[in-house]
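The sequence and model come before the comments.

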Amino acid sequence: MPQTKPRDVQVFPVATDTRVLRSRSWTRLRFEIEYALAKGTTANSYLIEGDKTALIDPPGETFTQIFLEALQQRFDVKKLDYVILGHVNPNRAATLKALLEIAPQITFVCSNPGAINLRGALENLDLPILIMRGEETLDLGKGHYLQFIPTPNPRYADHLCTYDPQTEILYSDKLFGAHVCGDQVFDEGWEVYNEHRRYYFDCLMAPHARQVETALDKLADLPVRLYATGHGSLVRYGLIELTKAYRLWSQQQTSADLTVALIYASAYGNTATLAQAIARGITKAGVAVESINCEFTDPDEIRAAVEKADGFIMGSPTLGGHAPTPVQTALGIVLSTATNNQLAGVFGSFGWSGEAVDLIESKLKDAGYRFGFDTIRVKFKPNDVTLQLCEEAGTDFAQALKKAKKVRSPSVPATSVEQAVGRIVGSLCVVTAKQDDISSAMLASWVSQASFSPPGLTIAVAKERAVESLTHSGNKFVLNILKDGNHIGLMKHFLKPFGPGQDRFADVAAQEAENGSPILTDALAYLECSVQNRMESGDHWLVYATVDNGKLLDNNGVTAVHHRKTGTHY
Ligand SMILES: Cc1cc2nc3c(=O)[nH]c(=O)nc-3n(C[C@H](O)[C@H](O)[C@H](O)COP(=O)(O)O)c2cc1C
């Protein structure tokens, strides 16, 4: 079982004078939406040995010791000249301090915002730092004449890519990564990573797609043969396809009809984690997010984003009984800029009193804005349950916007083609899923057997469904096939709107399947399933799952079948 493997560091040569050191965590790292696929991750560092040596992106503190051991075995760390940082994560401070103890001569290399963060993280204002603004280069000798490309975004304002023309490697840090842990250093057979790479993009990149497009433009002219990513397998075989996909996925965001400005600040990362989950919920419903960390964003930019958005959501921690000053400034901008037909939302993490969220909520309510979800208050760090609530609140917000914008068109009779498509019938079923503390369900009729051996089926899940997040490869669920005659009650129950985080199984007769998901006791039959893979099919995911177990609960019943007038509705 991979989950029980201990953390380790995998070292591998990747090009002339160049090695990767992959610090591997096999289990889910943190309660952050980007790790929800629970496939572990790798923190990739790189060592380039020219006449001078450079270490790129050493890992966080849980790896400090084993990383340094792995490094020492291959290289005399005392001779290290440079440490290059694609972004500065305070979590790396322990490793950086340990490196400095062994090699006090190290010069750091990072972007200008990175230098500010680094001096703070290492509590040393005199740290030798080479600041890379875009024009500067660093010659390590032996042809490793490094170039640097600042690629900032609201989440990583200090993000910096490094390019080595000698090896044609782009050290892309957060760009092009995936949170998946394994033995594969490169991405041969890269299509197996499609789902992870897409999910990683959706969580980390989609909320700042505009900045991703700018980064892609800046990188477009470099002849690159390998993306040396910060996480997951290195991108060699699927490089062209992934680059094209990043362009396409970003364009889908920047050209969306509706946009939400998601404005927040976060001193310790908790409010930022909530923001990411809300953003994920919005983008999965097909509405774009312009993510704004107001600590690093100029007031004019905030104003412009609010002006062009269809809705805005504000998030803040409470510090010393107040909202941080950048949030107060942003609130002033919002109040003077947003019109009353823009939808509003408020969220934040707090410790004990939570005045910041109360203040923002009351000011927005007094100003007459309508809210797209009930204000979200989370004590300290979010967990799985609060993240699910945030994601569902984001989706509700997006759906409310879509509903408000929908121009009521006179009802047009269904075309002959639509009526014909409507003659495809499916069994009425309820998909139920429970993983740890989170659960969800959905009524499904686009269900079909797909294989005999192994027994398998497909279910089409709309991208914006809450249960979608529980139907990734490796996830388990139960397909409850409803019985003709008693299906109406269950159908009505699962069709009604549920609030964010609301328990869909309250007042429903259910028992637990072997895979942990609820079996509806009034169903005709049930199947316990494991998701094998899924295919993007327009506005749905087509989920292919194999059947592990199942039972007919009523020998005499027949399957409830859903007859439709047109193929444009379920
Ligand atoms: C210096 C400091 C002051 C704080 N003051 C308050 C406070 O007055 N009221 C409160 O509810 N929480 C307070 N907290 C707790 C934070 O709001 C809480 O840690 C929150 O998760 C921080 O969110 P963030 O990670 O997004 O910055 C304080 C925390 C610190 C470190």
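1. The model is a predicted one, in which local features require pLDDT of at least 70 and side-chain atom pairs count only at pLDDT 80 or more, while totals for chains, interfaces and linings use all residues. Residue numbers start from 1 along each chain as its sequence is written.

2. Strand 3 (residues 41-49) and strand 4 run antiparallel and are joined by four bridges. The two strands form a hairpin, with three residues between them. Here strands (E, at least two residues) and helices (H or I, at least four residues) are DSSP runs, numbered from the N terminus, and two strands pair if DSSP finds at least two bridges between them.

3. Strand 4 also pairs with strand 5 (residues 82-84), in the parallel sense and over three bridges. In this pairing, A54 stands opposite Y82 of strand 5. Between strand 4 and strand 5 the chain passes through helix 1 (residues 64-74), and this β-α-β crossover is right-handed; that is, with the strands pointing away from the viewer, the path from the first strand over the helix to the second runs clockwise.

4. Side chains in a regular strand alternate between the two faces of the sheet. In strand 4 (residues 53-56), T53 and L55 point one way and A54 and I56 the other way, and all are buried. A residue is termed buried if 20 or more other C-beta atoms, placed from the backbone, lie within 10 Å of its own.

5. The ligand is surrounded by 18 residues, the closest being Y268, N270, T271, P317 and G351; the criterion is a C-beta atom, placed from the backbone, within 6 Å of the molecule. Helix 7 (270-284) and strand 16 (343-350) each supply at least two residues of this shell. By class, the shell holds seven nonpolar, 11 polar and no charged residues, with Gly counted as polar.

6. UniProt, in an unreviewed entry, lists residues 260-398 as "domain: Flavodoxin-like"; such annotations may be inferred rather than shown by experiment. This span is 47% helix and 20% strand, and its end C-alpha atoms lie 8 Å apart.

7. As a whole, the protein has 13 helices and 28 strands. Its radius of gyration, taken over C-alpha atoms, is 25 Å, close to the 25 Å given by the globule rule for 570 residues, so the protein is as compact as a globular protein of that length. The rule is 2.2 Å times the number of residues to the power 0.38. Buried residues make up 47% of the 570 residues.

Notes:
Buried ≥ 20, exposed ≤ 12 C-beta atoms within 10 Å, placed from the backbone.
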